[in-house]
Amino acid sequence: MQVLKFGGTSVGTSESMKNVMQIVLNAAKTDNTIVIVSAFATITNSLLLAMQEAKNTNERYKITLDEIKYIHIDRLADFKIGSVLEMETFIEKEMNVVSELCRGIYLTKSIPQKVEAEIVSVGEKLSSYILAKVLKAAHKDTRELIITSSKYTNATVDFEVTNSNIKKYFSTSKAPITILGGFIAKNKQGETTTLGRGGSDFTASIMAAALNVAKLEIWTDVSGMFTANPKIVKTAFPIENITYQEAMELSHFGAKVIYPPTIIPVLDKSIPILIKNSFLPNEKGTLICNKVKLQKSPVTGISHIEDIALITLEGNGMIGIPGFSKRLFEALYFEKINVKLITQASSEHSICIGIASKDVNLAVQIVNQAFEYEIITKKVVPLQVETNVSIIAVVGDQMKSHQGISGKLFSALGYNNVNVRAIAQGASEKNISVVIATKDVKKALNSLHAAFFENQIKQLNLFVVGIGNVGAKLLEQIKLQQTFLRKNLHIDLRVIAISNSKKMIFNENAIDLSNWQSEINTGEAADFSLFFDNVKFLNLRNSIFVDNTANEEITTYYSNYLSESISVVTCNKIACSSDYENYQNLKYLSKKYQAPFLYETNVGAGLPIIDTLKNLIASGDQINEIQAVLSGSLNYIFNHFNTDSEKNSFYNVVKQAGIEGYTEPDPRIDLSGVDVMRKILILTRESGKEFELADIDNETFLPKSALEAKTISDFMKTLKEEAKHFEKLVKSATKNKCRLKYVASFKDGKAKVGLQEIPVSHPFYNLDGSDNIVLFYTNRYVNQPLIIKGAGAGADVTASGIFADIIRIGNS
């Protein structure tokens, strides 16, 4: 004998019911088969709705009942079997009873439990009758076998009588297939009762235990119990084997495949339960049994319950005084308020419990009444309540034999700015439960699943602002490297949002980087504040804000991102060269919220200048002097500018530098020396010195007219008008056998920038193209400086520097 149970979705449509029929027929080839079936999908809810409509004297209940009736009649018509008239008569008869009962509810405006049980049982009566007819199988009224108490809607089973009935019936039945409705039973007076939540599973479990079958099969619409909710965690996968205790722990905390009390009969007899998917019958499913083979991860699964409220009884008067816990739980017990989680400080100063949000108002009322005297005498404070929280449970029988599970859990949550409000862990160490804000559930589940199950694949979610020369190159580089990063560095890099100055687009499941140019044109209007709000609302793990602009307003949002544990990667120099107080605050926020703030490309584009400087300082060295050519754009300009060709006039070279992406969108920033001032300021600060931009001497080479130009257009005109001024600079350098380089330096507490004539013997002389060079003189590098040299401007190298910072976060 074998027992198979099918849920409502498995028989929800004619097509899905055909799957069920094939599964049953295949099973019956090996042994006599008992099939327990739930009501068709949505039918139970529709019956409850009809009752409520009737209670509210809304005559629409008649329409609802007609809809229920015709769903069942139409199902018969789909299968074109036997005497349809006879079967329709059966359905009509059952629905007429329901209609009369609803009429009574309509008149009395009340729903007695006895009536409710009779009405909701109809779903299983009809589904089992129809399935039996289409399979040409035996149909047995479950109420003739399962006998219960008279608690009509959540009855207690009389196992002695029930087991006897089941054994007696099936010992004489010769039917290869017997169909029974789940959920329904009757009391000793012959009145219909129901088995409450998970009642159909309970029915199947009762049958399997009574007949001592080898295995109970529960067929549903998912391929077993998953490592996490697959609707929230896309990388969750079915658990092949799981113990009864693990299954009950996961189910208690929200995994809805089974309802824990329903498996007690088979648990007592150590009968395995196989959870299978009726829509994908060839998939393995999950086997629940006493012992399982050793798994790779000590954690079996992660589950959660939403709609939780935390209530805390607290006060100095509780310390060392027995009886407070008893009175608290007794008060909740008498009002049938179920406790989901309990935690108490060892000081006995407080008790914190988690309950369903729907019960919180009643709980506050009864607990405050129970402790009214202690509240008046200030021994305890009135009950404290925290709503909009959820419980996450990490479950596994093997957790107790592995060190570091808790550390891994709290590290993953802390890294992603998920605050833990309460913690509970039993001495068995099979379950660690934490209470967090409901808004953080998705991020927490994904972070924990990645930590325990995903072979350390780290998902990075990028929010990119600025898609000009640098930004477009960055997206191109990411697209080309995504597969490589996942395969070789175990980094899953996803671009979630893109914005330029006009439009922005978001896609929680990642933007297609082969099509972003067309998508951005149809995006919503760009708004930096709304962009931040959207990033915060999505609340994705390992979020990184990437700023590819030179926009000052955007930098004012860095503190907001860091405060939400969102990393910031930027080539925008404005933040790190702003007021020293703001610079320090950004670094403080980065450390406080464990959100990396990386800006390697602020100096030298893709060159490892800042990283090298940080390593020198971290290893105990001291920076005594810095000499540098830090403007790739100015180096490009003075390397190409000569007085012999109109094509290479100062104006034309500056214009070409802008076209090739060497200068900022506003070339005044480069040519005025402000850009270089910002860079030497950043290096000075990274060396450990407190410096402001105003502390740097700027020896400008621009004429007064260029400095006073109000617009970019006016500025470019002055470059033409002042051509002789620039030619004079070059001729002087040539005469002295020197080359012009715009040099930044720091020494003896002073920093300056300016155009210098560099002799042949100097390391800067042969600096070509748009290259940068930095010389660090330190306590260790005294006579021969540490030199970093290479391409210091251009969209490609700047994008690669930003990309490197992103990967650095992925590897952290």
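Student: What relative accessible area does Glu330 have?

Tutor: Glu330 has a relative accessible area of 33%, so it is partly exposed; here buried means under 20%, exposed means over 50% and partly exposed lies in between, computed with a 1.4 Å probe and protein chains only. Keep in mind that this is a predicted model, in which local features need a pLDDT of at least 70 and side-chain atom pairs count only at pLDDT 80 or more, while totals for chains, interfaces and linings use all residues. Residues are numbered from 1 along each chain as its sequence is written, and side-chain values use heavy atoms, with hydrogens and water left out.

Student: OK, and which residue forms a salt bridge with Glu330?

Tutor: That is Lys326, and the closest N and O atoms of the pair are 3.2 Å apart; a salt bridge here is a side-chain nitrogen of Lys or Arg within 4 Å of a carboxyl oxygen of Asp or Glu. In general, side chains of opposite charge can pair when their charged atoms come close.

Student: Where do Lys326 and Glu330 lie?

Tutor: Both lie in helix H11, residues 324–334, and they are 4 residues apart, about one turn of the helix. Helices (H or I, at least four residues) and strands (E, at least two) are DSSP runs, numbered from the N terminus. Lys326 counts as exposed, at 53% relative accessibility.

Student: How many salt bridges does the count come to by this rule?

Tutor: The count comes to 35 salt bridges. One of them joins the side chains of Lys62 and Glu59, at 3.3 Å from N to O. Lys62 counts as partly exposed at 38% relative accessibility, and Glu59 is partly exposed too, with a relative accessible area of 41%.

Student: And Asp666, is that one buried or exposed?

Tutor: Asp666 counts as buried, at 18% relative accessibility. The side chain of Asp666 meets that of Arg668 in a salt bridge of 2.9 Å, N to O, and Arg668 counts as partly exposed at 22%. Elsewhere, salt bridges that share partners join Glu53, Arg60 and Glu67 into one network.

Student: Switching topic: in what order do the 7 strands of the open sheet come?

Tutor: The order is S21-S20-S19-S18-S22-S23-S24, and the pairing is mixed; two strands pair if DSSP finds at least two bridges between them.

Student: Why is one side of S21 and of S24 left without a neighbour?

Tutor: Strand S21 (524–525) and strand S24 (597–598) stand at the edges and each has a single partner strand, so one side of each has no neighbour in the sheet. For S24, 2 bridges join it to strand S23, residues 567–570, and the two run parallel. Within that pairing, Leu598 in S24 is the bridge partner of Val569.

Student: Last one: is Arg541 buried or exposed?

Tutor: Arg541 counts as buried, at 4% relative accessibility, and it is found in the loop between helix H18 (528–538) and strand S22 (543–547). The C-alpha atoms of Arg541 and Ala247 are separated by 27 Å, and the two residues are 294 residues apart along the chain.
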